[in-house]
Amino acid sequence: MRWEVFRQDKRGDYHKHCGDIHAPDREMATLFAQIQHGRRMTTNSLWVVPSDEVTEIDTEDTAFGGRTDKAYRWATTYNVDASFAKEVEDSEKEQAAVERERGATASEGEGDD
Amino acid sequence: MGDLRSLADLSDEERTAAEALLFRLADDEFVLAERYTEWQVIAPTLESDLALSNIAQDELGHARVWYDALNRIGHTEQSLVWERDPGSFRHSTLVELPFEEGDWADAIVRSYLYDVAEDLRLDAVAESGVHELVDPIEKLRSEEEYHLQHAQQWLERLCDDADGLDHVQDATDRLFEHALTLWVPGPEAAAIEEYGLRGDSLASMRRQWLDTVGSFLESLGVTMPLDPEDDPADHRPAAVGRDGSHTDHWPRLHDDLTETYRELDRSDVRRLRGESA
Amino acid sequence: MSGGVPDEGVTEPGPDEEPTPCAYTEYRDGDSESDRTYPATGADADGVEARVWAAIRDVEDPEMPVSVVDLGLIYGVTVADGVATIEMTLTYTGCPARSMLTGDIERAAEGVEGVERADIDLVWSPEWTLEMVTDDGEQALREFGVSI
């Protein structure tokens with residue numbers, strides 16, 4: 001059986017996928033997960049999940065984030081010098097970049113939402 | 001826990017006894033590690049390949065720790081390994097035996113028998129009152145955690161299958177008397193006991209070991225090569241390792257691991273960036 | 001324990017009285033292991049010892065840009081008669097970089113004025129844990145991409 005391993009660095013963090021493992025059952029899967037993913041790095045917790053239990057949906061199945069241009073939600077048209085707060089500046093840059101991307105793909109699938 | 005004495009503080013007789021105990025511990029781990037590494041790349045699953053490699057590295061680290069203590073009483077790396085007379089090694093014959101080719105059950109049964117013994121032995125040594133013996137125990141234990149789990153879990157699954165059970169039985173039959181040499185006293189055993197360097201006697205630990213491995217293996221359908229009334233002393237192989245007598249396999253293994261040193265005609269031990277030993 | 005009626009024959013100390021030692025605990029005098037705090041950073045060292053700490057601080061883990069002092073590997077430094085003794089540990093008994101690290105630390109200490117020879121005392125207890133990494137160490141690790 002295949003098992004997917006997710007590792008949480010420290011308490012409160014999200015678990016991140018860190019690899020997979022082949023093992024006949026849950027007990028051995030958790031042993032191997034500890035050996036491969038828990039020994040040499042900081043680990044607060046590991047999740048070991050049968051691969052079959054992981055349902056995946058990707059961009060072929062669905063258009064994430066919808067098909068309409070929702071750029072109106074972001075205040076990218078104000079002339080504000082955001083350098084006083086780096087998080088704001090970063091966020092604005094991120095929004096602008098996404099908006100550009102959306103602008104490029106919006107023409108492909110304009111539809112209802 | 002009372003005050004710990006250092007090896008340097010011991011009387012000459014005590015130190016000789018401690019030295020013998022250290023060689024027993026170090027040689028066991030070292031030779032075991034050497035054998036384990038033979039499974040690299042050919043273990044039945046990638047995960048177990050990694051697991052056994054990790055276990056081997058742990059055991060090598062542990063051998064290193066015990067050899068360090070021997071360094072403190074005058075031994076050098078040359079005298080401990082590279083230029084040492086193979087007949088002076090004191091490891092159990094269990095760890096020097098080659099694996100039956102391709103037989104994973106051999107590796108697992110061996111690992112299981114060894115790790116249960118290791119558990120008991122570390123407990124006993126922790127009571128020695130000697131700093132160099134006690135200081136590493138906690139660290140060693142925490143690194144040993146996966147070893148026994150790995151062996152036990154594999155044994156359970158191998159024995160679930162008729163074929164697997166056959167292999168486990170064969171391996172047990174073949175390895176058991178060698179495993180008993182884990183408990184055979186060496187030449188300094190009386191002194192080791194007299195100075196309290198082991199918190200428990202070899203006979204007592206052997207009894208506990210037999211109980212543990214016996215009940216576990218029997219619960220899996222394996223027949224123990226020994227009956228409870230048998231005297232383990234009647235089941236020794238010709239060579240017991242603990243007194244320097246070894247099987248024919250040992251000289252070849254020792255040759256292999258010292259080959260490069262000899263071929264390159266070394267007289268010192270080279271390290272990274274040219275620092276000498 | 002709730003503030004109920006004490007057992008017969010037992011006098012409970014009042015709230016303002018001196019605390020009494022617990023009858024079930026073994027008290028030990030002297031320099032016990034628990035008197036030491038980890039990680040040791042040599043913050044209160046002076047003279048040659050302080051210089052040795054400073055020199056060792058420059059030694060980094062071979063894989064990551066963190067000082068061995070910030071990793072909490074150095075348990076103590078003492079200098080006597082020109083001989084520096086460095087008590088240290090490793091994160092793993094099977095550490096492949098062991099002689100590289102001890103060699104670097106030895107050389108760093110020997111480069112200090114007032115030190116003729118450095119001896120490494122490799123110990124395994126107390127067992128090293130992540131808690132022994134200093135705040136600076138955590139910062140350095142985080143910058144390097146290892147979260148802790």
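How many helices and strands does chain A have? I looked this up before anything else. The model is predicted, and in it chain A has two helices and three strands. I read their order along the sequence as β-β-α-β-α.

Burial and contacts in chain A. I took the 113 residues of chain A and found that 12% count as buried. I then went to the contacts in chain A between residues at least 6 apart in sequence; 47% of these join residues at least 24 apart.

The contact of chain A with chain B. I noted 11 residues from chain A and 11 residues from chain B. On the side of chain A that touches chain B, the elements giving two or more residues are β2 (16-22) and α1 (26-38) of chain A. I found that α1(A) supplies the largest share of that side, seven residues. By class, I list seven nonpolar, three polar and one charged for the side of chain A that touches chain B.

A helix pair in chain B. Two packed helices are described by the angle between their axes and the distance between the axes, so I looked up both. For helix α5 (residues 104-125) and helix α7 (residues 137-158) of chain B, the axes come within 9 Å and cross at roughly 145 degrees. I recorded the crossing of α5(B) and α7(B) as left-handed.

Which residues meet there? From α5(B) I noted, among them, Ile108(B), Tyr112(B), Asp115(B) and Leu122(B). Facing them, α7(B) gives residues including Leu140(B), Arg141(B), His147(B), Trp154(B) and Leu158(B). I sorted the contact of α5(B) with α7(B) by class and have 13 nonpolar, three polar and five charged residues.

Key. Residues are numbered from 1 along each chain as its sequence is written. Chains are lettered from A and ligands numbered from 1 in the order in which they are written. This is a predicted model: local features need pLDDT of at least 70, side-chain atom pairs count only at pLDDT 80 or more; totals for chains, interfaces and linings use all residues. Two residues are in contact if their C-beta atoms, placed from the backbone, lie within 7 Å. Helices (H or I, at least four residues) and strands (E, at least two) are DSSP runs, numbered from the N terminus. Ala, Val, Leu, Ile, Met, Phe, Trp, Tyr, Cys and Pro count as nonpolar, Asp, Glu, Lys and Arg as charged, and the others, Gly among them, as polar. Axes are lines fitted to C-alpha atoms, for helices over the stretch in contact, and angles run from 0 to 180 degrees between N-to-C directions. A crossing is left-handed if the near helix is turned anticlockwise from the far one by less than a right angle, and right-handed if clockwise. A residue is buried if 20 or more other C-beta atoms lie within 10 Å of its own, exposed if 12 or fewer, and partly exposed in between; C-beta atoms are placed from the backbone.
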